[in-house]
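Please examine the structure shown here alongside its sequence.

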Amino acid sequence: AEDGIRDDISCLVGSEMCIRDRVLIIWIIQTVALLIMAWLMDSVSIERGVTALAVTAVIGLLNAVLWPVLSYFLVPFAVLTLGIGALLLNGLVVWLASLIVPGFQLVNFWSAFWLALGMAAINIILSTLLTIDDDNSWSRNQVKRRMKRLEKPEPTDVPGIFFLEIDGLSLPVLEKALNDGHMPTLKRWLDEGSHVLTGWETDTSSQTSASQAGILHGDNSNIPAFRWYDKASGEIVASSDTKLLPILEEEHSDGNGLLADNGASRGNLLSGDAPYVMNTASTLRDRSRFHSSEFQAYFANPYNVSRTFILFFWDVILEIRQFWQARRNDVQPILDRHHRGGVYPLIRAVMTVLMRELNIYTLIGDMFAGRPSAYATFVGYDEIAHHSGVLDPGAFDILHKLDQQFARLESVIQDAPRPYHLVILSDHGQTGGATFTQRYGKTLEEFCLLYTSPSP
């Protein structure tokens, strides 16, 4: 036991900081964030700096004691309220701290709510500037304990395998990302020889639904495109339609998909016959397949929802800024407001931030649960490449952020109840080019009508 304690408080090997130093730095960052918010908010009062140190310490202790219990029971409510319940719980913790620490006063609960959210935002900024990873031993141990209590995994030497799909990434673009330093984790794996880089070609239906049907179920017949005209119904159907996908999966599955043996499907179009599913399009309408326990790993950390909320709106700002930069610099081909205006910045943030965060934390939970296999789709690059271009700086930024998350998964393996192999793959590539309208000055429909209209 003494050796274990000594290991916990000693410095980690290499350039990583001591756990003690990390706790101290995070404590200082939180205190600075609290003081900044108190200066910005008239409804928050802190007598002196020592009081701020005490407040952040009490908030940390309350999170350590109360959050594991409260979040365990409130996860269904948090999921159903799209995380708003967790944000309210964060505000409650800050409000309780104001009742405990003399010299720390709040006008009302909503002051605590906005204070907690603002502190999270400043914490992200300062942690980024100081290059402190957003992962830490406390939050990881929270997930580990929670999954151990829920799943009771048996330790084994039999390795599991996680398939991590980067949607829409072609081999040439990946090679450029590696050579230009955007994906240092994948580059290190290749240099160390633990991974090899191999290209492959899809069939003529080069898109997600056909590729995932083949990868997850071994059959992608009769999926001619992402959208196609169905003669039987006389309608144009989309393979992302949550009404169509259960039928599509039933037609292509023999019950022995890639994930049938106690595997997990995370953020995919099809399930691969996985018994554990989260944000899998083919199962979204089946209420019997929805289990709030799938989100336990994400809600184990009290700051995850706040962090995701802030990163979400930061990505919205990034998209607006990048779009106007592209217009100002006359980047060609450039898409019009219909493609990147309106609600698109919100849609992009869902794909690039929300889906990524849910996938990563759920996969961390899967590792601690000892799942033998998992398949997760990361759609952020594909979303940006379709709207901004396959070589857009924003697309490479998404790849860099995703590479950081792969490094987090790698670091979790050492604490998992079994070894794991990580396979990074893509379902298809894509090429950039002008739209039909940009190329020819008229839409495809207008062109077809021009040559099919009866002669006068």
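The model is predicted, so local features need pLDDT of at least 70 and side-chain atom pairs count only at pLDDT 80 or more, while totals for chains, interfaces and linings use all residues. Residues are numbered from 1 along each chain as its sequence is written, and side-chain values use heavy atoms, with hydrogens and water left out. Helices (H or I, at least four residues) and strands (E, at least two) are DSSP runs numbered from the N terminus.

**Nonpolar surface patch**

- A nonpolar patch on the surface is formed by Val69, Leu70, Phe73, Leu74, Phe77, Leu92, Trp95, Leu99 and Ile100, which together have about 830 Å² of accessible area.
- Patches are made of residues with over 30% relative accessible area and no salt bridge, where like charges are joined within 9 Å and nonpolar side chains (Val, Leu, Ile, Met, Phe, Trp, Tyr) within 5 Å.
- Accessible areas come from the Shrake-Rupley method with a 1.4 Å probe, and for residues only the protein chains shown count as cover.
- Helices α3 (49-80) and α4 (84-100) each supply at least two residues of the patch, and the largest share, 5 residues, comes from α3.
- Phe77 lies in helix α3 and counts as partly exposed because its relative accessibility is 45%; buried means under 20% relative accessible area, exposed over 50%, and partly exposed in between (1.4 Å probe, protein chains only).

**Helix packing**

- Two packed helices are described by the angle between their axes and the distance between the axes.
- The axes of α4 and helix α12 (residues 304-328) come within 8 Å and cross at roughly 115°; axes are lines fitted to C-alpha atoms, for helices over the stretch in contact, with angles from 0 to 180 degrees between N-to-C directions.
- The crossing of α4 and α12 is left-handed, a term for a near helix turned anticlockwise from the far one by less than a right angle, whereas clockwise is right-handed.
- In this pair, Ala86, Leu87 and Asn90 of α4 meet Val305, Ser306 and Phe309 of α12, contact being heavy atoms within 4.5 Å.
- Helix α12 also pairs with helix α14 (residues 344-369), their axes coming within 8 Å and crossing at roughly 145°; this crossing is right-handed.
- Residues of α12 that meet α14 include Leu311, Phe312 and Asp315, and those on the α14 side include Arg348, Val350 and Tyr361.

**Salt bridges**

- The structure holds 13 salt bridges, each a side-chain nitrogen of Lys or Arg within 4 Å of a carboxyl oxygen of Asp or Glu.
- One of them joins the side chains of Glu410 and Arg188 (2.7 Å, N to O). The pair links distant parts of the chain, with Glu410 in helix α16 (residues 393-413) and Arg188 in helix α8 (residues 184-192), 222 residues apart.
- Glu410 is partly exposed, at 27% relative accessible area, and Arg188 is partly exposed at 32%.
- Asp366 forms a salt bridge with Arg266, with the closest N and O atoms 2.7 Å apart. Asp366 belongs to helix α14 and Arg266 to strand β6 (residues 264-266), 100 residues apart.
- Asp366 is buried at 2% relative accessible area, and Arg266 is buried at 0%.
- A network of salt bridges links Glu151, Arg266, Glu294, Asp366 and Arg371.
- The side chains of Arg348 and Asp315 meet in a salt bridge (2.8 Å, N to O). This pair connects helix α14, which holds Arg348, with helix α12, which holds Asp315, 33 residues apart.
- Arg348 is buried at 2% relative accessible area, as is Asp315 at 3%.
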